[in-house]
Amino acid sequence: MYCAGIRPATNVADASYDAKRPCSTCIRSHSYAAAHAPPGTDLPPHPECTYDESSEPQPAETQDSPKNRFERLESRINELEALLQEKEHVPTSRSRPASVNGSREPSSFIMGFPDALDITDRAFPLDGHADISPIGNGSALDDLAGVASFASGASRHVPLDALLFSGNSHGFPGSSPLSVGLEVMSTGWPKNLPNYSFLRHLVEAYFTFTPCASRMFHMSTFMASLSLPPSHPKFPLPAILHAMCALGSMYTASVSPTPSPPLPSYCPGGGNALNSSDSNSFGEQQIRFAKDAIEVALRTTSDLFSVLQAQIVVSLWFWYNARWSEACMAFALSLRYAVPCGLNACPPFGSISSSDMSASSVIPPAANVIEDETRRNTFWFAYMMERHFAAINNFAMMLDDEDIAQMLPVRGDLFERGVLVPPSQRQWSFQADVLTNHPEEQIDSFVLHVKATLLLSRVKIFNGRYRVKRHLGVPDMQPDPTVLPNLPSDCDRTQAVPAFVELDRLISEFKQSLPTKFKDPLYNGVIDVSMFTAISTVHFATIVLHEGHARIGRPACVSSCRVLEAARAILNLLYEAYSTSHNLALLGVFPLVCWFVAGRVLVRFLKAAIEAQSESHVTTLRAEVDFIRSVICKIGEGVPHAHHYGRMLNGYLAQTCGKEYVTPVSPPSVIPSRNSSSSTSSSPLTSS
């Protein structure tokens with residue numbers, strides 16, 4: 001005990017003791033307390049000194065005492081430091097070997113085939129959060145211990161790609177190697193993106209199998225930027241990565257595919273899309289994340305060009321997945337985004353307006369040649385996709401060709417190396433001879449693909465504006481009897497319009513003017529996808545120009561002959577492609593549209609042969625139609641876009657010729673024989 005208000009001297013370190021009992025300090029304290037105590041206070045008569053008395057016994061330290069917890073914390077920190085040092089000596093390269101064509105060669109991205117990643121037997125959480133249950137229970141210190149064991153165990157036994165989703169996870173180069181096992185602890189990785197390893201897998205799939213992807217993005221530059229920390233200003237826009245993940249997931253078996261939506265109500269046999277529900281597949285989730293990220297980027301960033309690139313990839317996903325209404329709007333937005341970026345026109349051919357508000361572009365000038373050419377390529381890619389989609393409907397297009405004053409792209413090899421090609425050595429979109437003059441030092445298959453699309457656009461513009469211009473009395477839109485003097489009087493007089501005849505001549509000249517090595521997309525024994533699409537586009541343009549005027553079954557109908565030749569030219573291209581080992585699903589969307597249109601033309605001729613009771617023609621035409629049906633339906637097993645076109649072609653065949661002609665088909669093991677009635681030559685360009 002000690003007196004109230006008296007501080008005991010309880011240890012020898014106190015400087016106020018004098019080794020007496022009671023000590024002088026306690027005596028003075030007792031005297032002071034007695035002199036100043038209020039009346040009635042009960043005080044001991046003598047001071048009770050506590051100097052050098054043993055303290056009361058303390059309870060034994062428990063496992064959760066502060067001292068033990070501190071020691072355990074130090075121990076765990078030492079363990080984590082040891083684990084970090086151990087991992088620093090382990091190689092963690094994520095790159096894959098490059099293929100012979102220079103692109104990364106993922107293990108097995110082709111649709112429907114197994115993938116090398118050891119994640120196919122796992123269920124992936126698709127809610128944007130990783131499973132952290134192993135470290136989620138107990139005290140904070142227990143959690144730290146769990147993290148250490150989780151990091152050590154996961155790094156040794158769980159494939160990195162098994163962690164498909166971690167809401168704020170990464171594992172990117174330049175971060176601590178410990179983040180591989182502690183991905184859920186990192187806050188720098190963009191939300192809703194897959195972890196770095198799986199993201200890179202999907203991005204490589206996108207570049208390897210999406211036609212022309214390496215022209216819209218400079219692949220080596222993009223992959224290098226993907227290796228940067230997410231906080232770096234050159235790290236790709238998250239919207240682009242989400243869109244690439246969605247499209248890239250179509251090429252890998254690691255992710256369940258997005259199911260086909262219902263056939264739209266505006267298509268024959270279509271239904272009400274409102275009755276369908278979202279599949280919530282990985283691809284669909286990533287597209288939603290991409291759209292959300294685009295909206296955020298439009299509000300928060302000045303990088304409108306990256307937004308344009310993301311929008312194009314989103315548009316492609318919609319088209320591949322038969323979301324045609326959304327694709328229509330998305331392609332329109334893509335091309336419209338290019339206008340404020342100033343990509344539709346190149347100096348010195350901009351506006352002459354002198355207003356202070358008349359900047360030709362809202363984005364800063366390109367920093368180097370690669371960036372400048374990437375912008376130009378991206379514009380032309382957006383242009384081609386919008387024109388391809390618009391060609392299959394009667395809607396007006398989103399950007400007038402007269403508002404385009406842009407140089408054509410440079411060759412792919414020059415683009416890869418960043419070689420500056422001055423305007424004096426380039427062709428412009430508005431040049432009079434751009435579709436018939438092809439300097440070999442300036443062109444490759446991608447450039448010719450752009451030119452073929454320019455030709456298709458001219459046909460589309462003619463069809464859309466013909467009636468108005470004829471009504472206004474435009475001379476080129478008035479029928480001229482001297483143009484086609486042998487045209488029967490009961491035929492469509494549009495075929496005698498000078499502008500129509502000029503377009504027909506231009507299509508023929510374009511095919512004839514191609515350099516020899518570009519006339520066959522299998523010139524080197526391997527399909528050149530851009531050239532395959534370019535040549536298909538030219539024949540498709542012939543059908544778009546002539547089909548509305550074809551009187552099939554009527555003698556001397558020029559348009560009937562043109563559309564049959566074009567349809568069989570497209571069929572010959574398909575025969576050639578089918579004879580290779582190439583996966584036809586990887587040719588892109590538009591070649592399949594061309595096959596569908598060719599099949600529809602052949603169905604019309606099949607009906608005419610049935611009505612004329614010409615058995616030989618019926619047999620030939622039916623074999624041609626069935627071959628196209630079989631290829632489209634086979635691709636449709638994995639691609640919703642092809643699935644819908646297969647259904648529509650079957651429906652058109654049943655409606656036109658009868659249900660008895662819609663028999664089950666499968667791709668033949670050998671190419672059907674092609675006689676003179678279906679092919680005039682082995683070259684795909686001779687049937688003009």
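A residue counts as buried when its relative accessible area is under 20%. In this predicted model, Tyr 575 is buried, because its relative accessible area is 2%.

- Rolling a probe the size of a water molecule over the atoms shows where empty space is left.
- The volume of the second largest pocket is about 1300 Å³.
- Its lining consists of 45 residues, and Ala 391, Ile 392, Asn 393, Asn 394 and Lys 460 are those nearest the centre of the pocket.
- Several helices each supply at least two residues of this lining, namely H10 (324-338), H11 (369-390), H13 (445-471), H15 (529-546), H17 (590-612) and H19 (640-657).
- The most is given by H13, which contributes 8 residues to the lining.
- By residue class, the lining holds 26 nonpolar, 10 polar and 9 charged residues.

- A pair of aromatic rings is described by the distance of the centres and the angle of the planes.
- Across the whole structure, 26 aromatic pairs are found.
- In one of these pairs, the ring centres of Phe 349 and Trp 428 are 4.9 Å apart and the planes stand at 75°, so the pair is edge-to-face; the cut-off for this class is an angle over 60 degrees.
- Phe 349 belongs to the loop between H10 and H11, and Trp 428 to the loop between H12 (412-417) and H13, so the pair ties together parts that are 79 residues apart in sequence.
- Phe 349 is partly exposed, with a relative accessible area of 40%, whereas Trp 428 is buried, with a value of 9%.

**The pair of Tyr 575 and Phe 627**

- The ring centres of Tyr 575 and Phe 627 lie 4.8 Å apart with their planes at 40°, so this pair is tilted.
- Tyr 575 is part of helix H16 (residues 558-578) and Phe 627 is part of helix H18 (residues 615-635), so the pair ties together parts that are 52 residues apart in sequence.
- Phe 627 is buried, with a relative accessible area of 2%, and Tyr 575 is likewise buried at 2%.

**Further ring contacts**

- Tyr 206, Phe 207, Phe 217 and Phe 222 are linked into a cluster by ring pairs.
- A charged residue also meets a ring: Arg 375 lies over the face of Phe 305, at 5.9 Å from the ring centre.

How values were computed. Residues are numbered from 1 along each chain as its sequence is written. This is a predicted model: local features need pLDDT of at least 70, side-chain atom pairs count only at pLDDT 80 or more; totals for chains, interfaces and linings use all residues. Side-chain values use heavy atoms; hydrogens and water are left out. On a 1 Å grid over the protein atoms alone, a cavity is a set of points where a 1.4 Å probe fits but cannot get out, and a pocket is an open set with protein on both sides within 12 Å along at least five of seven lines; lining residues have an atom within 4 Å of a point. Grid points are joined across faces, edges and corners, and a volume is the space filled by probe spheres set on the points. Helices (H or I, at least four residues) and strands (E, at least two) are DSSP runs, numbered from the N terminus. Ala, Val, Leu, Ile, Met, Phe, Trp, Tyr, Cys and Pro count as nonpolar, Asp, Glu, Lys and Arg as charged, and the others, Gly among them, as polar. Rings of Phe, Tyr and Trp (its six-membered ring) pair if their centres lie within 6.5 Å; planes under 30 degrees apart count as stacked, over 60 as edge-to-face and the rest as tilted. Buried means under 20% relative accessible area, exposed over 50%, partly exposed in between (1.4 Å probe, protein chains only). A charge sits over a ring if NZ of Lys or CZ of Arg is within 6 Å of the ring centre and within 35 degrees of the ring normal.
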